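Morning, everyone. Please have the sequence and the model up on your screens. I'll go through cavities, the pocket, the metal site and the cores.

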Amino acid sequence: MELERVLVVDPVDGEYTANVRISGTKIEAIARIGGEFNSIAMPGFVDTHSHGAVGINCMTMNTGDLQKWERFAETHGVTSLIPTTVSADSNEMKRVADLVSNYVSERPRTAVRGVHYEGPYINPKKKGAQNPSAIRPATIKELRSVLSDIVVLITMAPEIEGFLEVLPEIFKHEIIVSIGHTDATYSQIKEAYESGCGRMTHFPNGMNVLHHREIGCVGAGFLLPMKLEMIVDGIHTAPEFVQMVHKIRGSEAIILVTDSLDATGLSDGMYDLGGLKVEVKGSTATLEDGTLAGSTLTMERAANNFHRWTDCSLQELAKVTSYNALQNLGIPNRGRFKEGFVADLVLLNRKLEVEETILAGQSVFKAREGQG
Ligand code: FE
């Protein structure tokens, strides 16, 4: 496969016009040519926090559902997807992990790269849309039963009982602990950071706010060199807040996520999220009491919003939509335009709409003419 006259957007080397040759699953050669380009070629988007889409809920899905969900994500430029659970009992968590593990092992080419456990080891005071009856402290015994190679991320609150004691058990599996759904003080977050937790979940949602005498979780996100997941939909975060984070922390710190629900890609109505009723109206998903319950965002729209609101370069956009997440997960051979890297990429038009998605060297989505 040959991509002719594309604007290559590499998160490290920057932007240039080139012809790109793909052979098998990999990028074989990149020839810089300069001049005009037809399409923009970026590393495929990475969504490390998504609960479902097109009627599929991570907690109740079967293998066919996951396939349908993956296909949907690919239509929006995603080439790495991390299905994310909500607070649930350990059997439900394990069921999802086993299903995803089997799914991945049976497919030589898939965008699914692991599981993110969002909870249940979080602070019930900052539960957001998580089911409070499933929230509990972490124990080594339970972690031993739910952790496996397929789990790549866990969202936890550092102030919950036993937090520091269970960390070594989690790190043993090379799993990233992301701080979230938390009411921690700044010093609790700092201690967690110094203990190896370098990431925050959907910053600043599900956290206490910044106060000038106790800068709390939001202050910690601005001050400490942690990676920050962000839901850039204009509902979970105002455009000005996104601008602030970009200005203060830079594009190196930000990891765009969708936090998308099963209602993503569906019309307005009532849906089920981990046993809770969720209403979708326009692009907002709320619980009966009005609490925000995840989003109906796609990575394509998140990328668009971020680019518009921060006025960032495409190189920066490649970092926040792909490279930072892959680096954080420790996936070394994806997310760059370099010979020998896996050809996971997305072709976009000048309005940053997805034209084509290429997963491990194969075209998995092509927008119809004029649909762009
Ligand atoms: Fe959440």
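Helix α1 gives the most to the lining of the largest cavity: three residues. Helices here are DSSP runs of H or I with at least four residues, strands are runs of E with at least two, and both are numbered from the N terminus. Keep in mind that this is a predicted model, where local features need pLDDT of at least 70, side-chain atom pairs count only at pLDDT 80 or more, and totals for chains, interfaces and linings use all residues. Residues are numbered from 1 along each chain as its sequence is written, and side-chain values use heavy atoms, with hydrogens and water left out.

Now the terms. On a 1 Å grid over the protein atoms alone, a cavity is a set of points where a 1.4 Å probe fits but cannot get out; a pocket is an open set with protein on both sides within 12 Å along at least five of seven lines; lining residues have an atom within 4 Å of a point. Points are joined across faces, edges and corners, and a volume is the space filled by probe spheres set on them.

By this rule there are three cavities of 30 Å³ or more. The largest cavity has a volume of about 90 Å³. Its lining has 16 residues, with D47, F72, A73, T258 and S260 nearest the centre. Elements giving two or more residues to that lining are β5 (45-50), β6 (52-53), α1 (63-75) and β8 (78-85).

Next, the largest pocket. Its volume is about 250 Å³. It is lined by 18 residues; G128, A129, H181, H202 and L292 lie nearest its centre. Strand β18 (residues 292-295) supplies the largest share of the lining, three residues.

Which residues are the protein donors of the iron ion? They are E118 (OE), H181 (NE2) and H202 (NE2), at 1.8 to 2.3 Å. Donors are N, O and S atoms within 2.8 Å of the metal (3.2 Å for Na, K and Ca); water is not among the atoms, so sites may look incomplete. E118 sits in strand β9 (residues 115-118) and H202 in the loop between β12 (199-200) and α6 (216-223), so the pair ties together parts 84 residues apart in sequence. Both E118 and H202 are buried (under 20% relative accessible area, 1.4 Å probe, protein chains only; exposed is over 50%, partly exposed in between).

Last, the cores. A nonpolar core is a set of buried Ala, Val, Leu, Ile, Met, Phe, Trp, Tyr and Cys residues joined through side-chain atoms within 4.5 Å. The largest has 98 residues; I154, M156 and M200 touch the most other members. Helix α9 (residues 314-329) gives the largest share of this core, seven residues.
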